[in-house]
Amino acid sequence: DASTARSIVISRSAGGNVWSQPSVLFPADREAGISYHCAPTPSLVASDGHLYRAFEQSPGYSALMIRTKQPLSRIGPAGIMNAQNWEATPYVTLTRSMIPHTWGPHWIAWQEGNAVEGPDGTIFNFLRIDGQSAQAHNKAAVLQVVERGGNFTLDFLRMIDFPSTSSKFVIRRSPTDGLYYSLTNDVTAGALATGNIGARNHLVLAVSGTSPLSNWTVCKTILLDDTGFSTALDSARFTGFHYVDWVFDNDDIVFAIRTGYRGSNSYHNANRLTTKRLPQYARACNDGQAWRRGV
């Protein structure tokens with residue numbers, strides 16, 4: 001089964017319509033049990049000129065980061081396709097000692113990391129947390145790239161409060177105000193009360209400060225289920241506004257959503273891909289609590 005042995009590859013396109021044959025950067029090894037996993041999270045061109053990308057080694061979803069060995073300006077468009085121009089950190093496995101005891105004895109895992117640059121140039125990996133519970137919800141894990149003895153490594157930093165259930169998210173820094181934003185499926189009070197902690201039927205805009213490690217705050221509800229299901233359980237089962245990817249477009253955010261809505265056989269198995277525009281995203285996060293009225 002090829003799906004159990006996936007390599008890290010890269011393809012190149014001049015305009016997005018025609019793509020090159022993929023080059024293998026880090027090959028899977030079926031006999032050694034080495035395979036790789038990721039999600040549609042950002043590839044980061046950092047201030048040091050290197051290209052960073054978060055992955056996981058599976059099975060087990062151990063975290064790692066890859067990057068170009070030199071700045072892109074030195075490698076050039078052709079060089080980025082050469083595996084010799086890339087390096088990877090050793091992988092980091094989630095251990096029980098990393099999980100706060102207040103989270104209880106529940107099974108926890110991480111996956112689908114984001115490469116995020118801090119204001120001082122530090123590179124972080126923000127990962128979603130699986131196995132969220134009534135004791136521990138709206139959480140994320142943070143790892144940090146460290147240069148140790150000339151080696152490219154990744155260290156666990158800490159768990160943080162972050163408005164997301166067990167669902168992929170994307171974090172980007174605004175070129176306008178320098179704040180960090182994300183579109184996430186948060187665990188609402190209603191979801192918690194009805195036991196639907198994993199629901200992905202509530203999409204919000206969240207903001208941090210001038211550091212991605214600052215407190216994250218929900219600014220605005222972007223989408224919520226209006227299908228009229230008679231129970232919260234059915235809404236959680238069949239409606240999903242999730243796996244959002246998005247970009248800044250001047251003062252707006254343009255986003256694409258994997259959407260399970262009005263006819264999907266589950267929230268997970270999307271029957272639509274929808275695209276939307278959020279105008280004046282910064283204003284939405286400067287509106288105090290006014291956005292909560294009527295939600």
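# Arg128 and its surroundings in a predicted model

Leaving aside the neighbours within four places in sequence, Arg128 is in contact with a list of residues that runs through Ala109, Trp110, Gln111 and Glu112, then Ser166, Ser167, Lys168 and Phe169, and finally Arg200 and Tyr243.

Is the residue buried or exposed? At 7% relative accessibility, Arg128 counts as buried, because the cut-off for that class is under 20%. Its side chain makes a polar contact with the side chain of Glu112 at 2.8 Å, and a further polar contact, at 3.0 Å, with the side chain of Tyr243. Arg128 also forms a salt bridge with Asp130, where the closest N and O atoms are 2.6 Å apart, and both of these partners, Arg128 and Asp130, are buried.

Side chains of opposite charge can pair when their charged atoms come close. By the rule used here, the count comes to eleven salt bridges, and I will pick out a few of them. Asp234 pairs with Arg237, with 3.1 Å between the closest N and O atoms; these two residues are three apart in helix 3, so about one helical turn separates them. Arg237, at 42% relative accessibility, counts as partly exposed.

The salt bridge between Asp226 and Arg262 has its closest N and O atoms 3.8 Å apart. This pair links distant parts of the chain, 36 residues apart, with Asp226 in the loop between strand 15 (217–224) and helix 3 (232–238), and Arg262 in the loop between strand 17 (252–260) and strand 18 (272–278). Arg262 is partly exposed, its relative accessible area being 48%.

Now to the cysteines. A disulfide is a covalent bond between the sulfur atoms of two cysteines. How many disulfides does a search of the whole structure find? The search finds one, and this disulfide joins Cys219 to Cys285, with an S to S distance of 2.1 Å. Here, too, the pair links distant parts of the chain, since Cys219 sits in strand 15 and Cys285 in helix 4 (residues 281–285), 66 residues apart. The torsion about the S-S bond is about 105 degrees, and therefore the disulfide is right-handed. Cys219, at 4% relative accessibility, counts as buried, and Cys285 is likewise buried, with a relative accessible area of 19%. Cys38, by contrast, counts as partly exposed, at 33% relative accessibility.

One more residue deserves a look, namely Lys69, which is found in the loop between strand 6 and helix 1 (72–79). Lys69 is partly exposed, with a relative accessible area of 42%. Not counting residues up to four places away in sequence, Lys69 touches His50, Gln84, Asn85, Trp86 and Glu87, and the side chain of Lys69 reaches the backbone oxygen of Gln84 at 3.1 Å. The C-alpha atoms of Lys69 and Ala88, residues that are 19 apart along the chain, are separated by 9.3 Å.

Finally, the confidence of the prediction. The mean pLDDT of the protein chain is 93, and 96% of its residues reach 70 or more. Where does pLDDT stay under 50? That happens over residues 290–295, for which the model has five contacts beyond four places in sequence.

Conventions
Residues are numbered from 1 along each chain as its sequence is written. This is a predicted model: local features need pLDDT of at least 70, side-chain atom pairs count only at pLDDT 80 or more; totals for chains, interfaces and linings use all residues. Side-chain values use heavy atoms; hydrogens and water are left out. A salt bridge is a side-chain nitrogen of Lys or Arg within 4 Å of a carboxyl oxygen of Asp or Glu. Buried means under 20% relative accessible area, exposed over 50%, partly exposed in between (1.4 Å probe, protein chains only). Helices (H or I, at least four residues) and strands (E, at least two) are DSSP runs, numbered from the N terminus. pLDDT is the predictor's confidence in each residue, from 0 to 100. Contact means heavy atoms within 4.5 Å. A disulfide is a pair of cysteine sulfur atoms within 2.5 Å. A polar contact is a pair of N or O atoms within 3.5 Å; within protein, one must be able to donate a hydrogen and the other to accept it, and residues adjacent in sequence count only if both atoms are side-chain atoms.
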